[in-house]
Amino acid sequence: METGKIAVNANRRRLGEWLPSHEQHLARYRTEITKKARERAASAKCSSAVADLAALITGDPVLRMDLTRAIEQARDAGYVLGYSSIEELIDVIDYLMTYAPPFSETSLIHCPLNALLDWPMCMPSGYALFRDPALNTHLKRVLNCWCGFLSGPHSREHLSASPPDGWFSPEADKRIGLSQFICEPDRPYWGFASWNDFFTRRFREGMRPVDEPGNKKAIVSACEAAPYNIQHDVKLDDTFWIKSQPYSLRDIFAAKHDELAATFAGGSVYQAFLSAFNYHRWHAPVSGVVCHAYAVDGTYYSNADSEGEDPGGLNDSQGYISAVAARAIIVIECDDRSIGKVACIFVGMADVSSCIIEALPGVRVQKGDELGFFQYGGSTCCLVFGPGVIKGFIPQPPFDDKSAPVKVNSLIATAR
C-alpha cells in the first residue's frame with residue numbers, strides 16, 4: 001500500500017456524508033480500487049468516453065501538465081491517492097463505469113470519483129484544470145456513461161438485505177428509513193429497476209404533507225436538505241470566487257438570461273445541501289406557472305481556491321458552484337403577484353451530477369408538486385426571491401453541519 005504522512009487538513013469536515021470524514025478510510029479505498037482497476041485494465045477494453053477523456057488530456061500539453069502536477073502536489077503534501085500517474089487514474093475511472101456503491105457503516109463512499117480526485121482538484125494546479133471547458137465537456141460524457149450503467153439492471157448488485165454491503169440491510173435501514181418510501185420487500189431488489197431508481201425513490205403517500213397548502217404567503221422547502229446559507233440584497237454581478245462567495249445572479253442564471261437574472265437583483269437567496277441518504281426529488285416551493293426551465297452546462301469538480309484545501313470536494317464551495325457547476329433552473333411565476341417570480345436552482349455536486357427537469361414552461365404547479373430530480377451524485381439547492389418579497393426565513397444562521405435536514409414541503413419562509 002502506498003504510504004505517506006497524514007496531511008494537516010486530512011480530517012476536515014465533509015458535509016452530507018457523501019464521503020467518510022476520516023482520511024484513512026479514503027486512502028484505503030483509493031489504494032484498493034486502484035489495484036482492482038489495474039487488474040481489470042490488463043484484459044478489458046477501455047470504454048469510449050473514458051478513452052476520449054484520456055486522449056484529450058494526453059493530447060493537450062497544458063491539461064497534461066496541470067493534471068500531472070496536481071497529482072504530484074497532492075502526493076507531495078502527504079495524501080495517499082492509490083494512483084501515481086494519469087494512466088493509472090484513467091484505469092480507475094474506467095473501472096468505475098460499471099461500479100455501484102455498496103453500503104458501509106464505517107467507510108461509505110457515495111461518490112467514488114470525487115474520492116479519487118478529492119485532493120488533486122484542490123491543489124494549486126488543480127483549480128484551473130477542473131475549470132477547463134473542454135475537460136468538463138469530456139467529464140460530462142464520462143459521467144453520462146456511468147449514469148447509463150447506474151440506470152440499468154446490472155447496477156443492482158447491492159440492492160439487497162444482506163449485510164454488510166446491502167442497502168436494505170438493518171444497518172442501512174437505520175440511516176434511510178425505508179418504510180417511508182415506496183418499495184416492495186417481497187420482490188427481487190425490492191422492486192427497484194436500477195441503482196438510480198433506488199436513489200430517486202419516492203415517499204409513500206402522506207409522508208411529506210405540504211405545510212399550509214392554502215396560504216399563498218407560505219413558502220416551502222423544494223428539497224429534503226440542510227440549510228447552508230441565507231443572503232439578502234444579492235447583486236446582479238458579484239465576485240463569487242472570493243472567500244465569502246457572494247451570489248452573482250448573472251452567473252447563476254447564465255449570461256443569455258440577463259433579463260431574468262435582473263428581476264432578482266436586490267433579493268434573497270436561501271441555499272441548502274442534500275445528504276447522501278436524503279430524498280433526491282424536487283418540489284415546487286410555491287404555486288404558479290413555470291415560466292422558465294433550462295439546464296446549464298458547467299463544471300463537476302471545481303473548487304473555489306479561496307477556500308484552500310477542501311477535502312469534502314465541494315463542501316466549502318457551495319456558493320461558488322451555484323455560478324459555475326452543472327445545474328437546472330426552474331422559475332415559477334407565482335399565483336400571488338406580490339411574490340412575483342421564484343427561481344429554483346438545482347446544482348449538481350460531483351460525480352454524475354445529473355439534473356432531470358420534469359416541469360417544463362407553461363406547466364401549472366401547485367405548491368408541493370414534483371419539478372424534477374437529481375440522479376446519483378451530490379447536490380445543493382438555491383431558492384431565489386425578488387427584492388422585498390421575504391418577510392422572514394424560518395431556518396436562521398448560524399447553521400450546524402450536524403443538524404437534521406429540513407423536510408421537503410415544510411415551511412421555510414413567509415412572504416410579505
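Let me start with helix H2, residues 48–59, which has 12 residues and reaches 16 Å from its first C-alpha to its last, close to the 16 Å expected at 1.5 Å a residue. The expected span is 1.5 Å times one less than the number of residues. Helices here are DSSP runs of H or I with at least four residues, and strands are runs of E with at least two, numbered from the N terminus.

A word on the source: this is a predicted model, where local features need pLDDT of at least 70, side-chain atom pairs count only at pLDDT 80 or more, and totals for chains, interfaces and linings use all residues. Residues are numbered from 1 along each chain as its sequence is written, and side-chain values use heavy atoms, with hydrogens and water left out.

Back to H2. Its buried residues are Ala49, Val50, Leu53, Ala54, Leu56 and Ile57. Buried means under 20% relative accessible area, exposed means over 50%, and partly exposed is in between, with a 1.4 Å probe and protein chains only. Seen down the axis, the buried residues of H2 fall within an arc of 160°, so they line one face of the helix. That arc is taken from the directions from the helix axis to the C-beta atoms. On the face turned away sit the exposed residues Ser48 and Gly59. The cover over the buried residues of H2 includes H3, H4 and helix H7 (133–150).

Next, H3, residues 61–76. Its 16 residues should span 22 Å, and the end C-alpha atoms are 22 Å apart, which agrees. Buried in H3 are Leu63, Asp66, Leu67, Ala70, Ile71 and Ala74. They cover an arc of only 130° around the axis, so they are on the same side of H3. Pro61 and Asp76 are exposed on the face turned away from that side. H2, H4 and helix H6 (126–129) are among what covers the buried residues of H3.

Now a helix pair. The axes of H1 (residues 23–41) and H4 (residues 86–95) come within 8 Å and cross at roughly 85°. H1 and H4 are therefore roughly perpendicular, a term for angles of 65 to 115 degrees. The residues of this contact divide into five nonpolar, one polar and six charged.

Last, where is Thr299 found? Thr299 lies in the loop between strand E5 (288–296) and helix H12 (318–324). Thr299 is buried, with a relative accessible area of 9%. Leaving aside neighbours within four places in sequence, its contacts (heavy atoms within 4.5 Å) include Phe130, Asn136 and Val324.

Note on methods. Axes fitted to C-alpha atoms, helices over the stretch in contact; angles between N-to-C directions. Parallel < 35°, antiparallel > 145°, perpendicular 65-115°, else oblique. Nonpolar A, V, L, I, M, F, W, Y, C, P; charged D, E, K, R; others polar.
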